[in-house]
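Trainee: Could you take me through a close look at one chain? Then show me how it sits with the rest.

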Amino acid sequence: MDFNLTQEQLQIREEIKKVCKEFPDAYWREIDSKKDYPEAFVRKLSELGWLAALIPEEYGGTGLGITEASIILEEINHSGGVATVCHAQMYTMGTLLRHGNDEQKRRYLPKIASGELRLQAFGVTEPNAGSESTRIQTTATRKGNRYLINGQKIFISRVLQSDLMLLLARTTPYDELKDKTKGLSVFIVDLREAKGKLEVKPLDLMINHHTNSLFFDGVEVPAENLIGEEGMGFRYIIDGWNAERILVAAEAIGDGRWFIERAAKYASERIVFGRPIGSNQGIQFPIAKAYANVEAADLVRYQAATKFDRKEKCGAEANMAKLLASEAAWEAANACLTTHGGYGFAVEYDVERKFRETRLLTVAPVSNNLVLAYLGQHVLGMPKSY
Amino acid sequence: MNIVVCGKVIPASSVTIEIDPNTKRMVRKGVTHELDPAAASAVEEGLRLAEKHGGTVTLITMGISEVTIGIRNALAMGATSAVHILDDAVAGSDTLGTAKLLAAAIKKQPFDLVICATESSDSYSGIVPGQIAHFLGVPPVTFAKEINVDGTKITIKRQSESGYDIVESMLPALVAVSSGINEPRYPQLKGIMAAKKKEIKVYTAADLGLPADQVGEKGAREKVLTIGRPPKRQAGKVVTDEGEGGKQIADFLAEIKVI
Ligand SMILES: Cc1cc2nc3c(=O)[nH]c(=O)nc-3n(C[C@H](O)[C@H](O)[C@H](O)COP(=O)(O)OP(=O)(O)OC[C@H]3O[C@@H](n4cnc5c(N)ncnc54)[C@H](O)[C@@H]3O)c2cc1C
Ligand SMILES: Cc1cc2nc3c(=O)[nH]c(=O)nc-3n(C[C@H](O)[C@H](O)[C@H](O)COP(=O)(O)OP(=O)(O)OC[C@H]3O[C@@H](n4cnc5c(N)ncnc54)[C@H](O)[C@@H]3O)c2cc1C
């Protein structure tokens, strides 16, 4: 496959780099230390239309492919920022776009494209259902022309920075189902109207991720906010997984490049025992090895993205890209931290922040173990391992 | 209002410039290019005027095929169309040849205002705008730090050593804008996509009616005889402060007649 980027893709990369330059390390460092949300950064990206890359032109976006979207997110991380703060504004709408009806799309997509509405929260995970999403217990009970939502979610990111949230809730009790992947439904919850019945409790995490516990106490959702068919919600979510995996892989690659560049620079400059530490194989080789792994992961990422954009099956590639890229980034993070010695732990070098941030990508939005389970079962045909 | 912006596309700021010892010219082929930041300011000024008064903004640039990326950038910012003077025969043009070609390209369409940047960021001779104005037969209004257009009259604030002068001219005119006149906008993603569909006219010297011996190396009235490095800086003088460091520095400054 030919992965030479087109002129336009190269231009996208250059332009996003320029925008990111306005938000240097110090910006992200301060946001991180105060556990703030990088509002100025996200607003700027919205204004310039970057977060509407995947929304079709007829709804006010640019209708680009996952390849272009992945380049945007990669460059944010490569520049020292963290794309997870806004990646969901880019792709959460995919469920609405693919499975929503015309009325829903016309109502929401143009405003999401302009940034007037933020739809960047997706509530799936629950205390008793993480990797095993089909076990969720939050219920949506139909009462006339609305649904009442009751239950609890955990690790739901950017709820306080969103106007709308997609929610996966149970519409048929688990025990009544023959096919356990049915019985779940996706809703658009207008968070502005849920006040009083939805409690949002921010979680204190190792990283600044704007993630919360949610408690639903009879939150009312109009029936017209059901996406697609009742009971088909899990199917709709799976449909978004490949895109998400490719985008997360690209973010990891951006991180990997950041770590390698910082490490190589520091290794060439820091003099110990009368010579640059990078002239020692013990320092140089781990950086070179991480580089090779990041580049290899990048090839799989472009293979996955290219297939995705050609509408070919890409489950295997998308999963492999996420696995390889997140692991390569983590390897690069360790090489970078080792290279920086004690300074790697100093906040002002940004290595420790990126180190914490990139570690997430091996765990969320899906744990790499579950990626391996997918490859083992669905690609290699081995028995189901869980 | 028909606005023409002359902007150069130059090797990107991240590129280490090399000089070809044979031609004594900057190596440009195969090098990553970008719209000169000074030219981006000129484009921005053109866009702001067009947004205020209506009209079009045409970017004209002369350069090798590598400069297309910079043209696209100006189009993505919002320029209406672009003209690219692309011809092996114009290689080696000096400022005079450059100005002749640019002026000829400008004359190909109706124009009310030509905007240049005071000087380019790679060769910065600062001569081209005045020469273009000469060939167009329009007044050059230079060092503009602010532009206002009122009907057929243009008023600029011309930067001076102590502040600024107010200069007026009738249109058509050529304005050379100072660096820092504005903060050029970032292209919107939609702008980048729309730029794909905008027209880039390509002209050769012959298309512009300029005979080969008037442009390029053949037509150059300047000749680069030699290129050298500036002399190595002398080692500085270190003043150790033992209570009267300030006086020593003042004495030194007096000695070199700075104070
Ligand atoms: C910062 C952050 C943000 C998040 N944002 C969101 C969000 O916005 N929306 C949302 O819905 N969720 C979100 N999540 C949740 C995330 O998707 C889950 O944490 C993730 O899917 C793992 O689920 P869990 O934490 O319950 O782990 P568990 O399912 O409890 O798994 C624990 C460990 O056991 C392993 N494991 C489990 N089963 C098997 C098996 N069969 N074979 C091998 N290994 C196994 C897992 O791989 C993992 O390593 C977020 C999480 C974090 C940390
Ligand atoms: C003998 C000789 C040979 C040379 N050979 C070459 C060569 O082969 N290739 C080469 O690229 N340069 C060559 N140069 C340099 C060339 O003369 C200058 O790059 C060019 O004339 C512009 O000069 P400048 O950048 O100093 O313009 P300035 O006068 O500093 O530019 C001021 C403004 O004029 C406008 N402008 C200037 N140049 C252009 C342009 N090309 N397109 C659009 N607008 C413009 C812009 O608005 C710019 O901001 C040569 C110079 C000499 C003396």
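Mentor: Chain B has 7 helices and 13 strands. Here helices (H or I, at least four residues) and strands (E, at least two) are DSSP runs, numbered from the N terminus. This is a predicted model, in which local features need pLDDT of at least 70 and side-chain atom pairs count only at pLDDT 80 or more, while totals for chains, interfaces and linings use all residues. Residues are numbered from 1 along each chain as its sequence is written, and chains are lettered from A and ligands numbered from 1 in the order in which they are written.

Start with the overall form. The C-alpha trace of chain B spans about 70 × 45 × 40 Å along its principal axes. Of its 259 residues, 40% are buried. A residue is buried if 20 or more other C-beta atoms lie within 10 Å of its own, exposed if 12 or fewer, and partly exposed in between, with C-beta atoms placed from the backbone. Now look at contacts, meaning pairs whose C-beta atoms, placed from the backbone, lie within 7 Å. Take those in chain B between residues at least 6 apart in sequence: 72% join residues at least 24 apart.

Next, ligand 2. Around it are 34 residues, and B:Cys116, B:Ala117, B:Ser120, B:Ser123 and B:Ser125 come nearest. To be near, a residue needs its C-beta atom, placed from the backbone, within 6 Å of the molecule or strand. Five elements of chain B each give at least two residues to this shell: helix H1 (37-53), strand S6 (56-62), helix H3 (95-107), strand S8 (113-117) and helix H4 (128-136). By class, the shell has 16 nonpolar, 11 polar and 7 charged residues. Ala, Val, Leu, Ile, Met, Phe, Trp, Tyr, Cys and Pro count as nonpolar, Asp, Glu, Lys and Arg as charged, and the others, Gly among them, as polar.

Chain B also meets chain A. The contact takes 10 residues from chain B and 11 residues from chain A. On the chain A side there are 5 nonpolar, 3 polar and 3 charged residues.

Now the core. The largest nonpolar core has 181 residues; B:Leu101, B:Val114, B:Ile132 and B:Val175 are among those with the most contacts inside it, along with A:Phe187 and A:Ile246. Helix H8 (residues 233-269) of chain A gives the largest share, 16 residues. Such a core is a set of buried Ala, Val, Leu, Ile, Met, Phe, Trp, Tyr and Cys residues joined through C-beta atoms within 7 Å. In soluble globular proteins, nonpolar side chains tend to be buried together.

Finally, the partner chain. An automatic or database domain assignment sets the domain bounds. For chain A it gives domain 1 (7-114), domain 2 (119-230) and domain 3 (235-379). The C-alpha centres of domain 1 and domain 3 of chain A lie 20 Å apart. Between these two, 24 residues of domain 1 touch 24 residues of domain 3. Ligand 1 has 23 residues around it, the closest being A:Gly130, A:Ser131, A:Ser367, A:Asn369 and A:Tyr386. Strand S1 (119-123), strand S3 (146-157) and helix H12 (368-379) of chain A each give two or more residues to that shell. The shell around ligand 1 holds 13 nonpolar, 10 polar and no charged residues. Domain 2 and domain 3 of chain A each supply at least three of its residues.
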